[in-house]
Amino acid sequence: MKALVFRGPGKIEWIEKDKPKIQKPTDAIVRITKTTICGTDLHILGGDVPTVTDGRILGHEGVGIVEEVGSGINNFKPGDRVLISCVTSCGRCDYCKKAMYAHCEDGGWILGNLIDGTQAEYVRIPYADTSLYHIPPGTDEEALVMLSDIFPTSLEIGVIHGEVQPGDVVAIVGAGPVGMATLLTAQLYSPAEIIMIDLDDYRLEQSKKFGATRTVNSSGGNAVEQVLELTDGEGVDVAIEAVGFPVTFDICQQILKPGGRLANVGVHGKPVDLHLEQLWLKNVKITTGLVSTSTTPMLLKTVQSGKIQPQRLVTHRFPLDQIMQAYEVFRNAAKEKAMKVILYNE
Ligand code: NAD
Ligand code: ZN
Ligand code: ZN
């Protein structure tokens, strides 16, 4: 089969690899029909994720058709159409029993990281019974590719950690795929205002189509002042960080009003300055975390009903064998006006 293989920082190749085989009774082999590229794959290419080693097939998102199942699989059979979760869950360990699948003792985020991933014609899914979801007939599969990672991430680590309530003023820093998915899922909780903050005017313009009520371009370095001005000097109830830089975390901690919640979603490579000397007397909460994908069943229902439409984030489509080209487009997302790219292999 063909697969996209990591060859060390900055290097990927689309090459012939052995088709994966069942290794344990709890495995399934899935033929990928649609996959995508994540901001995290770019972090891997940048050398920021040292657990990914030379030869690894990348990718942790996608949908497909079950090709083969191990003898211990009860919920799936060959021919079933499935959504692949970016997080593998054994379903049995203490963390899985608490729905903290991110910390599964024999799983967590391993696909396209510690084991071969989904940017290939076939993938092996460990603990398939608890790591795959049936695709309801008639559901838009491009929408579901967004449910492997970015929608659960945005909902769990952004919106739910941030405790978005009806009537809240919410600021989201970062209008990339994760920030946009946060914008769409926050609206499930009816906030009064959603202020989107980014450096890129095109993305800010797009965010208005997705429900942002105000936008702030932070390239002048005065995002905090602009947000305070938009909120009569008060600040926001919820600030969601969806970038992963010290400067964007700093914006979030400076715009919180008393009782505010700061939900950090971005993956940080450098330490941030936490201004506890100012935050303590504002009675704020700060949260952060790795997605568990425990909200996937609920998100599936909201997609089925049309309440959220994740497919709106898809800007580009390529056949799977043009994935090298797709990486080029995704790497130059601002210039290419790209948000999410779909790689299809039907
Ligand atoms: P992205 O790089 O596509 O988007 C980031 C956005 O931030 C871009 O639109 C960029 O213009 C904007 N930005 C950059 N600097 C800025 C600044 N100074 N002020 C305002 N905006 C700025 O990333 P993404 O794919 O949307 O992911 C966002 C973050 O979420 C990444 O750090 C990613 O690794 C992380 N992530 C976390 C989890 C988790 O489980 N916690 C899961 C998936 C992704
Ligand atoms: Zn991802
Ligand atoms: Zn587990």
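User: Helices (H or I, at least four residues) and strands (E, at least two) are DSSP runs, numbered from the N terminus. With that settled, which strand does Leu343 lie in?

Analyst: Heads-up: this is a predicted model, where local features need pLDDT of at least 70 and side-chain atom pairs count only at pLDDT 80 or more, while totals for chains, interfaces and linings use all residues. Residues are numbered from 1 along each chain as its sequence is written, chains are lettered from A and ligands numbered from 1 in the order in which they are written, and side-chain values use heavy atoms, with hydrogens and water left out. As for Leu343, its place is in the run of residues 340-344, strand E15.

User: Is Leu343 buried or exposed?

Analyst: The cut-offs here are under 20% relative accessible area for buried, over 50% for exposed and in between for partly exposed (1.4 Å probe, protein chains only). Leu343 has a relative accessible area of 0%, so it counts as buried.

User: Which residues does Leu343 touch, not counting residues up to four places away in sequence?

Analyst: Contact means heavy atoms within 4.5 Å. One part of the list is Thr33, Lys34, Thr35, Thr36 and Ile37.

User: Moving on to Thr213, how much relative accessible area does it have?

Analyst: Thr213 sits in the loop between helix H7 (201-209) and strand E10 (214-217). Leaving out residues up to four places away in sequence, it touches Ala192, Glu193 and Ile194. Glu193 is 20 residues from Thr213 along the chain, with 5.7 Å between their C-alpha atoms. Thr213 counts as partly exposed because its relative accessible area is 40%.

User: What about Ser218: buried or exposed?

Analyst: Ser218 is in the loop between E10 and helix H8 (223-230). Setting aside neighbours within four places in sequence, it contacts Ile197, Asp198, Leu199, Ala223 and Ile251. Its relative accessibility is 16%, so Ser218 goes down as buried.

User: Which helices and strands do the buried residues of H9 pack against?

Analyst: In helix H9 (residues 246-254), the buried ones are Thr248, Phe249, Ile251, Cys252 and Gln253. On the strand side, they pack against E8 (169-173), E9 (193-198), E11 (236-241) and E12 (256-264). On the helix side, the partners are H8 and H10 (276-279).

User: Zooming out, what radius of gyration does the protein chain have?

Analyst: The radius is taken over C-alpha atoms, and the globule rule is 2.2 Å times the number of residues to the power 0.38. The C-alpha atoms fill a box of roughly 60 × 40 × 40 Å along the principal axes. For 346 residues a compact globule would come out near 20 Å, so the chain agrees with its 20 Å.

User: Last one: what percentage of the 346 residues is buried?

Analyst: The secondary structure comes to 13 helices and 15 strands. Of the contacts with a separation of 6 or more, 69% are between residues 24 or more positions apart. The buried share of the 346 residues is 55%.
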